[in-house]
Amino acid sequence: MIVVIRPNTPRAQIDEVIEEVRKLGYDPRPIFGTEQSIVAAIGDERTHHTLESLLALPQVEKVMPVQKRYKLVSRESHPKDSVIDVDGLPVGGGRFTVMAGPCSVESETQLLTTAHAVKAAGATILRGGAFKPRTSPYEFQGLGSEGLRLLSLAKKETGLKIITELLAEAHVDEVAEHADILQIGARNAQNFQLLIAAAKTGKPILLKRGLSQRIDEWLLAAEYILAHGNPKVLFCERGIRTFETYTRNTLDLAAVAIIKQESHLPIIIDPSQGAGRADLVKLLCRGATAMGADGLLIEVHPNPSKAMSDGQQQVDFAAFAQLMEELQPFAVAAGRTL
Ligand code: PEP
Ligand code: MN
């Protein structure tokens, strides 16, 4: 970190700053100017105390961090793309993975017909919410444990891997027993205790971006999981809140390029929550694939108009099959194998 001292500060007060920097565990290297001086603080900013508290001293003008605050998720720490093992299925590292299924698990017939349909079209992972985070307490909250049982049944019947949301710490063991990937939803993106509990299961974790989360905050949320011993993280961009009202959220495709630069971990795009409109899903899938995403998370329902949640954004089986067929050239263009 660089500590900038206010102009014309007497030497004794600069020495006071130098001493404080030393006390906080850094090696202070002062540079004295004729008017203004700075103190470079040498040390790992990620593991030392932050020097921002020095701003409380009247002679300190600015404290500027030099290092990024995340380490384990960074591409610097791991230059090669990470491949995440999802119960034997590799995700990332040049492969393109499609996860598809209903927003919510609603019934055995709904889930199993969807599982067969998405598998036939080329998906390898089945999504389905058993515990649902709903804005209103009067809306369908998911089938809970029964939903998890149905997901396991669908896995047994189709061989598809399972992704489902972990909504609360109290459900960790039960959800981990049925899921191959734990989904952390946008509303829990910075629920750090939940992230730690999820990390401890050792299961792969799909970490959705929060509704108003900056990318650095998202990277730091993933850092929590890695720092607690679980390197199996998939980022998932699902749209952020903006002023725009044509779409439910604004899908930030620039995040694909940024996450690829900053991190070695795969990134998955969810165009369903991203747009909130079934008619945009196909085009957003193409865009995300061409941008170099490692996969997609798509909501598919046998009859979207009858869905118990997110009906407006779910595609039916025919639309999903067509979307998958048309995706191939975009995956090839991005150097991915579908
Ligand atoms: C979902 O995938 O159905 C969901 C609730 O996602 P998000 O957390 O992105 O809103
Ligand atoms: Mn949904």
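A crossing of two helices is left-handed if the near helix is turned anticlockwise from the far one by less than a right angle, and right-handed if clockwise. The crossing of H6 and H7 in this chain is right-handed. More on that contact comes below.

This is a predicted model, in which local features need pLDDT of at least 70 and side-chain atom pairs count only at pLDDT 80 or more, while totals for chains, interfaces and linings use all residues. Residues are numbered from 1 along each chain as its sequence is written, chains are lettered from A and ligands numbered from 1 in the order in which they are written, and side-chain values use heavy atoms, with hydrogens and water left out.

Start with the whole chain. The protein chain has 10 helices and 14 strands. Helices (H or I, at least four residues) and strands (E, at least two) are DSSP runs, numbered from the N terminus. The C-alpha trace spans about 75 × 45 × 40 Å along its principal axes. Of the 338 residues, 52% count as buried. Buried means under 20% relative accessible area, exposed over 50%, and partly exposed in between (1.4 Å probe, protein chains only). Now take contacts, meaning heavy atoms within 4.5 Å. Among those between residues at least 6 apart in sequence, 67% join residues at least 24 apart.

Next, the helix contacts. Two packed helices are described by the angle between their axes and the distance between the axes. Axes are lines fitted to C-alpha atoms, for helices over the stretch in contact, and angles run from 0 to 180 degrees between N-to-C directions. Angles under 35 degrees count as roughly parallel, over 145 as roughly antiparallel, 65 to 115 as roughly perpendicular and the rest as oblique.

Helix H6 and helix H7 (residues 254–262) have axes that come within 11 Å and cross at roughly 50°. H6 and H7 are therefore oblique to each other. On the H6 side, the contact uses Ile215, Trp218 and Leu219; on the H7 side, Ala255, Ile258, Ile259 and Glu262. By class, that contact has six nonpolar, no polar and one charged residues. Here Ala, Val, Leu, Ile, Met, Phe, Trp, Tyr, Cys and Pro count as nonpolar, Asp, Glu, Lys and Arg as charged, and the others, Gly among them, as polar.

Helix H2 (residues 108–121) packs against helix H10 (residues 317–333) at an angle of about 20°, with the axes 9 Å apart. That makes H2 roughly parallel to H10. From H2 come Thr113, Thr114, Ala117, Val118 and Ala121; they meet Phe317, Phe320, Ala321 and Met324 in H10. The contact divides into seven nonpolar, two polar and no charged residues. The crossing of H2 and H10 is right-handed. Ala318 is also found in H10. At 57% relative accessibility, Ala318 counts as exposed. Ala318 and Ala120 are 198 residues apart in sequence and 11 Å apart in space, C-alpha to C-alpha.

Which pairs do the aromatic rings form? The structure holds two aromatic pairs. Rings of Phe, Tyr and Trp (its six-membered ring) pair if their centres lie within 6.5 Å; planes under 30 degrees apart count as stacked, over 60 as edge-to-face and the rest as tilted. Phe192 and Tyr224 have ring centres 4.3 Å apart and planes at 15°, so the pair is stacked. Phe192 lies in helix H5 (residues 192–200) and Tyr224 in helix H6 (residues 215–227), so the pair ties together parts 32 residues apart in sequence. Phe192 counts as partly exposed at 28% relative accessibility. Tyr224 counts as partly exposed at 31%.

The rings of Trp218 and Phe235 have centres 5.1 Å apart and planes at 80°, so this pair is edge-to-face. Trp218 sits in H6 and Phe235 in strand E12 (residues 233–237), 17 residues apart. Trp218 counts as buried, at 0% relative accessibility. Phe235 counts as buried, also at 0%.

H5 has buried residues of its own: Leu194, Leu195, Ile196, Ala197, Ala198 and Ala199. Their cover includes helix H4 (172–178), strand E10 (181–184), strand E11 (205–208) and H6. Just after H5, Gly202 takes a positive phi of about 80°.

Last, the backbone. Most residues other than glycine have a negative phi. Asn8 has a positive phi of about 60° although it is not a glycine. Asn8 is found in the loop between strand E1 (2–5) and helix H1 (11–23). Asn8 is exposed, with a relative accessible area of 60%. Asp310 has a positive phi of about 50° and is not a glycine. Asp310 lies in the loop between strand E14 (295–299) and H10. Asp310 is buried, with a relative accessible area of 14%.
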